[in-house]
Amino acid sequence: MSTLPSLEQLHAIGAKQQPTYDDPAALAAVVDRLRTLPPLVFAGECDELKAKIAAASRGEAFLLQGGDCAETFVDATADNTRNKLRVLLQMAVVLTYAASVPVIKVGRLAGQYAKPRSSDSETRDGVTLPAYRGDAVNGFDFTPESRRHDPQRLLDVYHASASTLNLVRAFTTGGYADLRQVHTWNSEFVRNSPVGQHYEAMAAEIDRALTFMKAIGADPDEFHRVDFYSSHEALLLEYEHAMTRIDSRTEKPYNVSGHMVWIGERTRQLDGAHVEYFSHISNPIGCKLGPTATADDALALAAKLNPTNEPGRLTFITRFGAGRIRDGLPPLVEKVTAEGVDVAWVSDAMHGNTFEASNGYKTRRFEDVLDEVIGFFEVHRALGTVPAGILVENTGDDVTEIIGGGEQLDELGLAHRYESVVDPRLNRVQSLELAFQVAENLRK
Ligand code: PEP
Ligand code: MN
């Protein structure tokens, strides 16, 4: 691994989806400040996650990656963070218990503040302003002041991420994630739904098993705490570069703003600045692959991003859409496997299934999400390869952003509680429903 290129060198290569700041001196001061701030994660933790993803790529574990499409500063509250953690713990316990496989828990949180957009601007009632690019860049309010690209926000990203991660670490090691809490993770709202009752029945079985274990004197540490990792799309070069540090143990660069970082569908150009940057860091990394990706693209990305073929280093996160997964995925998996390339295959069944509802809301059909996940499992089963995990956009709140599912939310119902600032998320009931369905597929 050669030395990390400078920010200037990366910009010279050409980076897509970057903010346009109007005050270079202010930006430089922010980057200098970021470089002095402590790491949010340790390189050793990143290596630990890499080893776990390697296990997932061999079918010995399953990766569950979930959280908001875009975090916001106002929502970085204790309640929100707890609710997000809670739904991921519930999903994980469903997968672990129903499929008897260790689940690697990775949040799309504590850093998921920058968004690639398909258009640079947005027009409302004849007024055109810069598009919202995530709280890391500008504000969601539709005013010229709010939509201005403000470098100070990068420092806010750091501080919001630090407080979220601190809380997550406290929850996951301080008793909240204790398996004996498995019932309390189920709220009143969820308990009254069919899937909530399914969950309660499973939780009761887990309780009995725990009581038995305790009676025979077994009470391992794993019952009381969980390992939880953070992840985000590493999009903004200034932030990600400033948060890249040389690890004193290995003398290699790590992005210490999150355990796992990924390259988005819009920035995965082989000769682009993002792929170049990612090729120099030692974290476990993801790379999205959409329907336009060819098998040769996948091979070239793997050669550049993981030249030593290190297990667990590279995760391909496929997001084809329910209609294309069964035809589009096999050629990629076949060729990558035939070449002996070591990757973990993860299904993002969200981003290929987004559409605009008749009342203007950006939404997805729960049935499409489920169908893409099932298609993903079918493809791997047919090829004898390993489905290593799923990535979801979800929330711990009872929002109404995705239609369908057991609650049969319809387009009209979207208006009831639509809170996402970018993409629609599975609510708690839908998240649990998906987890039970995935568990069934994993068991097959
Ligand atoms: C995302 O994960 O929110 C996202 C923007 O995905 P993609 O890069 O696959 O479009
Ligand atoms: Mn999204």
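1. Ground rules. Because the model is predicted, local features need pLDDT of at least 70 and side-chain atom pairs count only at pLDDT 80 or more, while totals for chains, interfaces and linings use all residues. Residues are numbered from 1 along each chain as its sequence is written, and chains are lettered from A and ligands numbered from 1 in the order in which they are written.

2. Helices α4 and α6. Helix α4 (residues 78-99) packs on helix α6 (residues 152-173) at an angle of about 50°, and their axes are 10 Å apart. That angle makes α4 oblique to α6. Helices here are DSSP runs of H or I with at least four residues, strands are E runs of at least two, and both are numbered from the N terminus. Axes are lines fitted to C-alpha atoms, for helices over the stretch in contact, with angles from 0 to 180 degrees between N-to-C directions. Angles under 35 degrees count as roughly parallel, over 145 as roughly antiparallel, 65 to 115 as roughly perpendicular and the rest as oblique.

3. What touches in that pair. From α4, Ala-78, Thr-81, Arg-82 and Leu-85 meet Thr-164, Leu-167, Val-168 and Phe-171 of α6; contact requires C-beta atoms, placed from the backbone, within 7 Å. By class, the contact of α4 with α6 has five nonpolar, two polar and one charged residue. Nonpolar covers Ala, Val, Leu, Ile, Met, Phe, Trp, Tyr, Cys and Pro; charged covers Asp, Glu, Lys and Arg; the others, Gly among them, are polar.

4. Helices α2 and α6. The axes of α2 (residues 24-36) and α6 come within 8 Å and cross at roughly 20°, which means α2 is roughly parallel to α6. Val-30, Arg-33 and Leu-34 of α2 make the contact with Gln-152, Leu-154, Leu-155 and Tyr-158 of α6.

5. Helices α13 and α14. Helix α13 (residues 366-383) and helix α14 (residues 428-443) pack at about 20°, with axes 11 Å apart. The two are therefore roughly parallel. Their contact residues comprise eight nonpolar, three polar and no charged.

6. Ligand 1. Among the residues surrounding ligand 1 are Cys-69, Glu-233, Arg-266, His-351 and Asp-423; the test is a C-beta atom, placed from the backbone, within 6 Å. The shell has two nonpolar, two polar and six charged residues.

7. Annotated residues. An unreviewed UniProt entry gives "binding site" for Cys-69, His-351, Glu-393 and Asp-423. They span 355 residues in sequence, yet no two of their C-alpha atoms are more than 10.0 Å apart, so they gather at one spot. UniProt positions use the numbering used here, feature names are shortened, and annotations may be inferred rather than shown by experiment. His-351 sits in the loop between β11 (344-348) and β12 (354-356).

Notes: Contact = placed C-beta atoms within 7 Å.
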